[in-house]
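Subject: The structure I promised you

Hi,

Here is the structure I said I would pass on. Have a look at it first, and then read my notes below.

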Amino acid sequence: MGPLDIATVLLVLMAGFGYLNHRYLHLPTTLGMLLVALVLALFLALMLGFDRGGLTVQVQGWLRQREFHDTLISALLGLLLFAGALRLNLADLAHQKGLVLSLALFGVAVSVLLVGTLSWVILAGLGVTLPWIYGLLFGALIAPTDPIAVRGLLARAGVTQTLQTRMAGESLLGAGLAIAVFVVLLALVLTPAMASPGKLLLQQVGSSLLFGLVIGLLAYQLLRRVDHYQVEVLIMLALVAGGLVLASHWRLSGPLALLIAGLVLGNHGQLLAMSEKSRRHLHDFWELVGALVNAVLLVLIILEMMLAGFRGEYLLAALAILPIVLLARLLGAGLPIAIMRYFRSFSPGTIQLMSWGGLHGGISIALVLSLPAGMERDTLVVITTAVVVFSVVVQGLTFATLVRRLGE
């Protein structure tokens, strides 16, 4: 199977996921497609487990093509962040910027340090020895919640607009911060003697954000001169593809650049350069793209997990680490809100909803799949898969019930 064959199969499967969800499940698009993708991925992984012939070898060969694999993961992550950033309204967020920034900063810090360190200790206790920096990498990659999945979940559950804005902003900003930390830590793993973390942060992250701002403003100049949503979609697709290619050539982070470009076009661009009809069509298009990307990534990580092979210790570690991830999410949301209660009012169920509604999804999957091949990657793939599956199945399906119970 070549890349075109694989892309065709995935597209057909995604269409089937959408049909099954719309016809039978009636769940938010992203959540429903993730659940159907999960069932299919588990079925495919089971079939590959029994098949030790040509199909398994083909799938393994495709997944192990490092250059193609890295390009695919970077593109999917970039699409996911761009689609999420387009829907974030900075004007609404401005009234809660202090709270959202505090939630994002504290949430990422707690995840990197608490989850990263305790995961490293638990794995060592189970006989799986990893360098501490891989524990920190896991803490960084599992910190972000998925902005596309979170937005769909909140809208369907009927929570207040204030909470939707707060959670969507925290999700996207937290994702950007977590990816920045991940990029720096991964650079230290791959080239430990290259530079200090501060210099890496400036070079890798700062340059990527500046590049994203430039291409976002360039696309805005093009968009403001047309009023035709098909052309505007093409301009945005060209921005995504061109931004990823140039970022790769210049050794920048394409996903971070697209996050900033998406924010520019989602606010300045949509308000000043697009009609209401164009905005509506663009929102629908990019929401669909986000749902497709999430589903594809879920299929990829489950196939990776099953094909790589894993030991019982990995599953025990996943079961032990999952409560720590949930605790970190509770602390990351709870402590800043508890402090800010002295200065502003919050509804009684805010902490519970922000903690339980923070779904992990495509961003965490893409980051763990970008790790270099080896035992460390296989271990973290299993743990990340367990966290994402729990998040999608348990948290996603019970969130609306929690909203009704808390009366939010």
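Before going on, a word about what you are looking at. This is a predicted model, in which local features need pLDDT of at least 70 and side-chain atom pairs count only at pLDDT 80 or more, while totals for chains, interfaces and linings use all residues. Residues are numbered from 1 along each chain as its sequence is written, and side-chain values use heavy atoms, with hydrogens and water left out.

**The overall picture**

The protein has 17 helices and zero strands. Here helices (H or I, at least four residues) and strands (E, at least two) are DSSP runs, numbered from the N terminus. Of its 408 residues, 53% count as buried. Buried means under 20% relative accessible area, exposed means over 50%, and partly exposed is in between (1.4 Å probe, protein chains only). Among contacts with a separation of 6 or more, 83% are between residues 24 or more positions apart; a contact means heavy atoms within 4.5 Å.

**Back to α8**

Helix α8 spans residues 147-157 and is mostly covered, with nine of its eleven residues buried. Those buried residues include Pro147, Arg151 and Ala157.

Now find α7 (residues 132-141) and α17 (residues 375-406): their axes come within 11 Å and cross at roughly 35°. The axes are lines fitted to C-alpha atoms, for helices over the stretch in contact, and angles run from 0 to 180 degrees between N-to-C directions. The crossing of α7 past α17 is right-handed. On the α7 side, the contact is made by Tyr134, Phe138 and Leu141, and on the α17 side by Glu376, Leu380, Ile383 and Thr384. Sorted by type, these residues are five nonpolar, one polar and one charged. (Ala, Val, Leu, Ile, Met, Phe, Trp, Tyr, Cys and Pro count as nonpolar, Asp, Glu, Lys and Arg as charged, and the others, Gly among them, as polar.)

Is Thr384 buried or exposed? Thr384 counts as buried, because its relative accessibility is 0%. Leaving out residues up to four places away in sequence, Thr384 touches Phe138, Leu141, Ile142, Ile301, Ser364 and Val368.

**Aromatic rings**

There are four aromatic pairs in the structure. Rings of Phe, Tyr and Trp (its six-membered ring) pair if their centres lie within 6.5 Å; planes under 30 degrees apart count as stacked, over 60 as edge-to-face and the rest as tilted. One of the pairs is Phe82 with Trp286: the centres are 4.9 Å apart and the planes are at 70°, so this pair is edge-to-face. Because Phe82 lies in α4 (residues 66-86) and Trp286 in α13 (residues 276-308), the pair ties together parts 204 residues apart in sequence. Phe82 is buried at 0% relative accessible area, and Trp286 is buried too, at 2%. Trp286 also pairs with Phe285, with centres 5.1 Å apart and planes at 85°, so that pair is edge-to-face as well. Phe285 is partly exposed, at 28%. Phe82, Phe285 and Trp286 form one aromatic cluster.

**A buried charged residue**

Glu170 sits in helix α9 (residues 161-190) and counts as buried because its relative accessibility is 8%. Which side chain does the side chain of Glu170 join in a polar contact? The partner is Arg329, at 2.9 Å. (A polar contact is a pair of N or O atoms within 3.5 Å; within protein, one must be able to donate a hydrogen and the other to accept it, and residues adjacent in sequence count only if both atoms are side-chain atoms.) Beyond four places in sequence, the contacts of Glu170 include Val100, Thr145 and Met354.

**A loop residue**

Finally, look at Asp227, in the loop between α10 (197-223) and α11 (229-249). Asp227 counts as exposed, at 56% relative accessibility. Asp227 and Ser278 are 51 residues apart in sequence, with their C-alpha atoms 7.4 Å apart in space.

Note on methods: Left-handed = near helix turned anticlockwise from the far one by under 90°.
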